[in-house]
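Please take a moment with the sequence and the structure shown below. The paragraphs that follow lead from the open spaces of the fold to its aromatic rings.

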Amino acid sequence: MIGADLGPVGVWSGHLGRMRAPESRHCVAALEDMGWRALWIPEGLHLKEAFSHAALLLGATGRLVVATGIANVWSRSPTAMISGAMVLGEAYPGRFVLGIGISHPESMGPLGHPWKRPVAEMERYLDGMEAAQDRYLAPRPRQPVPVLLAALGPRMLRLAASRTAGAHPYFVPVEHTAFARETLGPDAFLAVEIGAVLQSDAEEARRLARKHMENPLSLGAYRRNLLRLGWTEADLEAGGSDALVDALVAWGDPDRVAARIAAHHGAGADHVSVQIYTKRRDEFPIRGYAAVAAAAGLP
């Protein structure tokens, strides 16, 4: 199991990657004061680099665990990946979790790498990380930094269970959480991301959800995962059918978001991170996270 204390629920946010440092420091300090114990940050082609961003946020808080969701394996060598993680793990004991992922073939052009078989490449990458960790000469963390894999399909999930602390699935309905738990087995850590819209008008909530679903639904890995779960090509078109939107995004008042969190826990998730969708991608929904924290019973 994982060593860091993520708690049962956390925040997943790409907003912070679009904000100036003073604003992001203020936001993460506020999240910590609300009782949130974990924050997940992405790494995109046009967002902040994962390790320097995590260091900024860790330095602005005293207890919050910062997890990468995910650090892209194509952006750095295995040596650089594990070295960066160990620097943060030693500086902030028990407060950093390294989520890594293989990305998507649609994203490889700007990175300048040819697409390779994802599971085989991830196995090779993990081998490289382990070898580099053995050679590491700088001060080490008191406990190993937990590593989680971005995993959707059965082969990557099994790799996550056998080689890392567990998996971090993104853009998944509750039925995938049950599938992931069955595939991972009982011991691997399962940290699931869910989307949320704090809007009770169905038409408006689904419109905003579809705006944020557009990019994932353009990527083959997410489409194949949904088709594997029984959704149809028709469900995936035009931003997603109403049923698909409702399955992937918890919309309504904070209590409905809390109910969706509970559903994923009931299906086998150890931890559920909530990404609140907003009209503007640089608009951090601080009041929304306060409301969800209260509905989820955070101290």
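Helices (H or I, at least four residues) and strands (E, at least two) are DSSP runs, numbered from the N terminus. The model is predicted, and local features need pLDDT of at least 70, side-chain atom pairs count only at pLDDT 80 or more, while totals for chains, interfaces and linings use all residues. Residues are numbered from 1 along each chain as its sequence is written, and side-chain values use heavy atoms, with hydrogens and water left out.

The open spaces come first. A pocket is an open set of points on a 1 Å grid over the protein atoms alone, with protein on both sides within 12 Å along at least five of seven lines; a cavity is a set of points where a 1.4 Å probe fits but cannot get out, and lining residues have an atom within 4 Å of a point. A volume is the space filled by probe spheres set on the points, which are joined across faces, edges and corners.

The largest pocket has a volume of about 1500 Å³. Its lining consists of 50 residues, and those nearest its centre are Ser 103, His 104, Tyr 170, Leu 219 and Tyr 222. At least two lining residues come from each of α5 (118–135), α6 (154–163), α9 (220–228) and β10 (271–276), and α9 provides the largest share, four residues. By class, the lining of the largest pocket has 25 nonpolar, 16 polar and nine charged residues, where Ala, Val, Leu, Ile, Met, Phe, Trp, Tyr, Cys and Pro count as nonpolar, Asp, Glu, Lys and Arg as charged, and the others, Gly among them, as polar.

The second largest pocket holds about 290 Å³ of space. It is lined by 16 residues, with Ile 82, Gln 133, Pro 144, Val 145 and Val 147 closest to its centre. Both α3 (78–91) and α5 supply at least two residues of this lining, and α5 gives the most, with four residues. The lining of the second largest pocket divides into ten nonpolar, three polar and three charged residues.

There is also one cavity of 30 Å³ or more, and the largest cavity contains about 40 Å³ of space. Among the residues that line the largest cavity are Arg 95, Phe 96, Pro 144 and Val 145.

Attention now turns to the aromatic rings. The structure holds six aromatic pairs; rings of Phe, Tyr and Trp (its six-membered ring) pair if their centres lie within 6.5 Å, and planes under 30 degrees apart count as stacked, over 60 as edge-to-face and the rest as tilted. Trp 36 and Tyr 289 form an edge-to-face pair, because their ring centres are 5.9 Å apart and their planes stand at 90°. This pair links distant parts of the chain, 253 residues apart: Trp 36 is in the loop between α1 (21–34) and β2 (38–41), and Tyr 289 is in helix α13 (residues 286–295). Tyr 289 is buried, with a relative accessible area of 0%; buried means under 20%, exposed over 50% and partly exposed in between (1.4 Å probe, protein chains only).

Phe 51 and Phe 96 make a tilted pair, since their ring centres lie 6.0 Å apart with planes at 55°. Phe 51 belongs to helix α2 (residues 50–59) and Phe 96 to strand β5 (residues 96–101), 45 residues apart. Phe 96 counts as buried at 2% relative accessibility. One aromatic cluster is formed by Trp 12, Tyr 170, Phe 171 and Tyr 222.
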